[in-house]
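Please open the structure in your viewer and keep the selection tool at hand. The tour begins at one residue and then widens to the whole chain.

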Amino acid sequence: MVAPRKSLADQAYEKIKNNILNLTYAPGMTLTESMLTQELGMSRNPIRTALKMLQSEGLIVTDYYKSMRVKEISYQAVTEIYQIRELFEGAAFKLIFDSGRAEEFSYKIEARVVRMCAVAADPFEWELADTQMHLEIISIFENERITRFYESNLAELVRIGLYSVRNGMQIDATNTNLKKMITYMRENDYEHAFSILHDDHFTLGKDNALENLLSTS
């Protein structure tokens with residue numbers, strides 16, 4: 001069965017959104033319809049529709065003069081996102097062990113890490129794969145509200161994650177540590193497994209993102 005062809009507006013939406021997420025359109029960058037029509041080779045109508053969709057998602061903001069900009073990444077946003085991640089994922093990771101499902105989840109997480117290793121040369125694709133790994137962890141809750149909350153913040157997670165990579169977070173080293181975490185999970189060693197998750201993905205990730213933010217402000 002042939003998949004239905006995407007509308008021009010949907011195509012424009014995906015291209016602009018990807019450029020926002022991968023930081024091609026940097027936080028704070030001004031976007032104009034004329035610039036985007038030329039860059040994407042489309043007319044104004046699909047571009048206008050796409051911009052409205054991205055405004056509704058909060059990725060594009062409009063100022064007093066109706067000028068459109070890519071949403072900034074603030075110090076507060078980074079701090080809050082990582083605080084939320086540590087609260088939810090910390091509790092989820094503990095539940096994985098307390099429920100006796102550490103080995104089961106080690107294989108689920110391993111599948112995500114394999115993907116992360118496969119796309120390690122592309123930081124944007126790696127960040128997308130990394131978010132799926134974190135979604136796998138919180139899936140232990142079987143809570144649709146928590147899952148939807150995470151999914152609604154995926155754009156910020158990806159952009160902030162790229163800030164971390166740009167300021168020194170080593171993809172290969174992170175992948176290696178995640179493999180160690182998986183081994184600890186299979187040994188039912190919560191303390192060592194959680195230490196890797198905490199140090200690499202909460203503390204180091206946040207610190208690198210904040211340093212990149214401060215260095216570009």
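Select Arg159 first: apart from its neighbours within four places in sequence, this residue is in contact (heavy atoms within 4.5 Å) with Ile20, Leu21, Leu23, Pro27, Val70, Lys71, Glu72 and Ile73. The model is a predicted one, in which local features need pLDDT of at least 70, side-chain atom pairs count only at pLDDT 80 or more, and totals for chains, interfaces and linings use all residues. Residues are numbered from 1 along each chain as its sequence is written, and side-chain values use heavy atoms, with hydrogens and water left out.

Is Arg159 buried or exposed? Arg159 counts as buried because its relative accessibility is 0%; buried means under 20% relative accessible area, with a 1.4 Å probe and protein chains only. Now display its side chain, which reaches the backbone oxygen of Lys71 at 2.9 Å. Arg159 itself belongs to helix α8, residues 154-166; helices (H or I, at least four residues) and strands (E, at least two) are DSSP runs, numbered from the N terminus.

Next, select residues 68-70, which form strand β3 and pair with β1 in the antiparallel sense over 2 bridges. Two strands pair if DSSP finds at least two bridges between them. Within β3, Arg69 is the bridge partner of Thr30. The open sheet has 3 strands in the order β1-β3-β2, with antiparallel pairing. Its edge strands, β1 (30-31) and β2 (60-62), each pair on one side only.

Finally, show the whole protein chain, which has 10 helices and 3 strands. Its C-alpha trace spans about 55 × 50 × 35 Å along the principal axes. Of its 217 residues, 44% are buried.

Methods. Buried < 20%, exposed > 50% of the residue type's maximum accessible area, 1.4 Å probe, protein only. Polar contact = N/O pair within 3.5 Å; in protein donor to acceptor, adjacent residues only side chain to side chain.
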